[in-house]
Amino acid sequence: MKGLIQRVTHASVTVDNEVISEIGSGLLLLLGVEKSDDSSTVRELCRKLLAYRVFPDDQGRMNRSLFDMGGSLLVVPQFTLAADTRSGSRPGFSVAARPESAEALFHEFVASCESQLGADRVGQGQFGADMKVALVNDGPVTFLLEVSGVPGRS
């Protein structure tokens with residue numbers, strides 16, 4: 001499972017010209033699900049994401065987590081993050097989870113985040129939709145988080 005996080009001052013998702021979710025200060029997460037991912041992968045990425053220290057403390061150092069600063073989270077399903085880009089000039093998707101599995105794990109991930117942060121602090125994109133994602137990247141601060149259901153890789 002791959003999560004591209006971006007520290008934001010604002011982010012939103014629009015589907016069919018309608019804003020379906022938006023947040024203020026917090027994190028935008030683009031979430032890619034791979035074949036090897038399962039519920040344990042969901043729990044581990046959620047734990048890592050919510051504790052990841054990317055917000056400044058009083059001295060300006062990245063030393064505060066989403067929990068610490070009370071921000072919001074916007075989770076957007078991002079199929080293309082599961083692409084294999086190691087060779088050639090066209091991405092391969094052989095490691096990406098099948099849509100029905102990916103969708104179930106996406107919703108499980110959102111539910112896990114809601115249970116820890118509170119549903120009022122978690123927004124989400126629409127799985128399988130043509131989404132327009134808007135954001136104001138704060139910093140800019142962007143990190144790729146990866147966890148895997150395969151032993152020995154995390």
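1. The lining of the largest pocket comprises twelve nonpolar residues, four polar residues and one charged residue. In this division Ala, Val, Leu, Ile, Met, Phe, Trp, Tyr, Cys and Pro count as nonpolar, Asp, Glu, Lys and Arg as charged, and the others, Gly among them, as polar. The model is predicted: local features require pLDDT of at least 70 and side-chain atom pairs pLDDT 80 or more, whereas totals for chains, interfaces and linings use all residues. Residues are numbered from 1 along each chain as its sequence is written, and side-chain values use heavy atoms, with hydrogens and water left out.

2. The largest pocket holds about 210 Å³ of space. Among its 17 lining residues, Pro77, Gln78, Phe79, Ala102 and Phe127 are the closest to the centre. A pocket here is an open set of points on a 1 Å grid over the protein atoms alone, where a 1.4 Å probe fits, with protein on both sides within 12 Å along at least five of seven lines; lining residues have an atom within 4 Å of a point. Grid points are joined across faces, edges and corners, and the volume is the space filled by probe spheres set on them.

3. Strand E3 (26–32) and helix H3 (99–117) each contribute at least two residues to this lining; H3 gives the most, with three. Helices (H or I, at least four residues) and strands (E, at least two) are DSSP runs numbered from the N terminus.

4. Helix H3 has 19 residues and spans 27 Å from its first C-alpha to its last, close to the expected 27 Å at 1.5 Å a residue; the expected span is 1.5 Å times one less than the number of residues. Its buried residues (under 20% relative accessible area, with exposed over 50% and partly exposed in between; 1.4 Å probe, protein chains only) are Ala102, Leu105, Phe106, Phe109, Val110, Ser112, Cys113 and Leu117. Seen down the axis of H3, these fall within an arc of 160 degrees and so line one face of the helix; the arc is taken over directions from the helix axis to the C-beta atoms. The face turned away from the buried side carries the exposed residues Glu100 and Ser115.

5. Three aromatic pairs are found in the whole structure. Rings of Phe, Tyr and Trp (its six-membered ring) pair if their centres lie within 6.5 Å; planes under 30 degrees apart count as stacked, over 60 as edge-to-face and the rest as tilted. Tyr52 and Phe143 form an edge-to-face pair, at 5.8 Å centre to centre and 70 degrees between the planes. This pair links distant parts of the chain, 91 residues apart: Tyr52 lies in the loop between helix H1 (39–51) and strand E4 (55–56), and Phe143 in strand E8 (residues 131–146).

6. Phe106 and Phe127 form a tilted pair, with 6.2 Å centre to centre and 45 degrees between the planes. Phe106 belongs to helix H3 and Phe127 to the loop between strand E7 (122–124) and E8, so the pair ties together parts 21 residues apart in sequence. Phe106 is buried at 0% relative accessible area, while Phe127 is partly exposed at 25%.

7. The peptide bond from Gly139 to Pro140 is cis, with omega near -5 degrees, and Pro140 is placed in strand E8. Asp16 has a positive phi of about 50 degrees although it is not a glycine, and Asn17 likewise has a positive phi, of about 65 degrees. Asp16 is exposed at 72% relative accessible area, and Asn17 is exposed at 82%.
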